[in-house]
Amino acid sequence: MKLAMIGFGQAGGKVVDRFLDYDDRTNSGIVRSAIAVNTAKADLMGLNRIPQENRVLIGQARVKGHGVGADNELGAEVAEEDIDEVQNAIDSIPTHEVDAFLVVAGMGGGTGSGGAPVLAKHLKRIYTIPVYGLGILPGTDEGGIYTLNAARSFQTFVREVDNLLVFDNDSWRSAGESVEGGYSQINEEIVRRFGVLFGAGEVQPGNEVAESVVDSSEIINTLSGGGVSTVGFASEEVDLSATSGGLLSKFTGGGGSVDDGLDAANTTNRITSLVRKAALGRLTLPCEIDGAERALLVLSGPSEHLNRKGIERGRKWLEEETGSMEVRGGDYPRDIPEVSASILLSGVTNVPRIKRLQQVAIEAQDNMEDIQQESEDNLEELVEDDADDLEPLF
Ligand code: GDP
């Protein structure tokens, strides 16, 4: 499907930048337009792919291009005040060619955490196409203020979008890595997971049409109904040369059948085990899949390695595991030496990670109030003389 992506704040901008890169590399055609919005000039300058004219600096009157720190209330205020400047950039998007908006932001900071929900609300008021959010949760080691920001932003963002896709940095950080190096890898994982999914509805001219192709409306239907979504993914390398003989002979009329060198039962088994791995392995937001309201299974890879039976079995298994009556599934044929299963689980509600985040956020909020009260008391004790003999000038 074709998306208009808007990256809000530093993480949001970097991830959208990386989506453009992914689109070029894989010829997926999912990013129709890309915009970055920030209160920090330096962050906008650090982007590589987003066109200069699509980089919008907001809040100049308030913060002079220096960012809002981690103050997401200020982030939200500035976004509201300068929404017209963001709209000017959005005006250049041919929205009739776009299936949905995707607003991307890190929820732990200030600009994206506060601004993304404001923008989503604005877009929903003006446009009829769906507005999705891609919200990134901070690592648990980032500290109380980031957790509190994320918990508050999460509540607001879910309410303002048609569906909030969540990616949890905490589940994906690897020990001993530099923060920047770590993010680079994490961002690659983000674009791959969501890229395969959104790319499924966007079969390029010249690509083979899948037996049961996933189209944009299936992605939209899976996301409709709102709530929170997570994505599972598993892949396995396959030997293209084993099948390219088949492909080549098809092109040359050599009479090679699709089953050349491939055992249908093996293909089906590989698919079913990939589906299990994807659903039970690491999800972008860890959660219990039981109770997910809707799901979409996308099997991608060389068409010789995909079959209807595998998809059907995978779909049935997902229905049993989730208890959902709405499990869609289909192919996304791609000439790459890899077969993969992507699973979008939408309307998940059993998410202990969010409950923990909220608990830590409440503790942080209470602590911050105590600390503020204590420091006010301490200052008063310092400034006032004990017997109250002195009087201030005015
Ligand atoms: P903002 O510019 O004020 O919106 O804040 P940032 O986007 O810099 O940071 C918000 C949160 O996003 C941080 O707490 C991190 O958890 C996360 N973050 C920052 N940069 C990246 C990135 O490149 N990739 C990912 N996945 N997360 C990031």
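User: What percentage of the 394 residues in the chain is buried?

Analyst: Buried residues make up 54% of the 394. Here buried means under 20% relative accessible area, exposed means over 50%, and partly exposed is in between (1.4 Å probe, protein chains only). Before we go on, this is a predicted model: local features need pLDDT of at least 70, side-chain atom pairs count only at pLDDT 80 or more, and totals for chains, interfaces and linings use all residues. Residues are numbered from 1 along each chain as its sequence is written, and side-chain values use heavy atoms, with hydrogens and water left out.

User: Thanks! How many helices and strands does the chain have?

Analyst: Helices (H or I, at least four residues) and strands (E, at least two) are DSSP runs, numbered from the N terminus. In this chain there are 14 helices and 10 strands.

User: What is a salt bridge, and how many does the structure hold?

Analyst: Side chains of opposite charge can pair when their charged atoms come close. The cut-off is a side-chain nitrogen of Lys or Arg within 4 Å of a carboxyl oxygen of Asp or Glu. The structure holds 21 salt bridges.

User: Which helix holds both Asp21 and Arg25?

Analyst: Both lie in helix H1 (residues 9-26), 4 residues apart, about one turn of the helix.

User: Which residue forms a salt bridge with Glu77?

Analyst: That partner is Arg62, with the closest N and O atoms 2.7 Å apart. Glu77 sits in helix H4 (residues 72-81) and Arg62 in helix H3 (residues 60-63), so this pair ties together parts that are 15 residues apart in sequence. Glu77 is partly exposed, with 38% relative accessibility, and so is Arg62, with 39%.

User: Which residues do salt bridges with shared partners join into one network?

Analyst: The network consists of Arg18, Asp21, Asp24, Arg25, Arg49 and Glu188.

User: And which residues form a nonpolar patch on the surface?

Analyst: For a patch, we take residues with over 30% relative accessible area and no salt bridge; nonpolar side chains (Val, Leu, Ile, Met, Phe, Trp, Tyr) are joined within 5 Å, and like charges within 9 Å. Here Leu379, Leu382 and Val383 form one, with about 340 Å² of accessible area together (Shrake-Rupley method, 1.4 Å probe; for residues, only the protein chains shown count as cover). Val383 lies in helix H14 (residues 352-383) and is exposed, at 57% relative accessible area.
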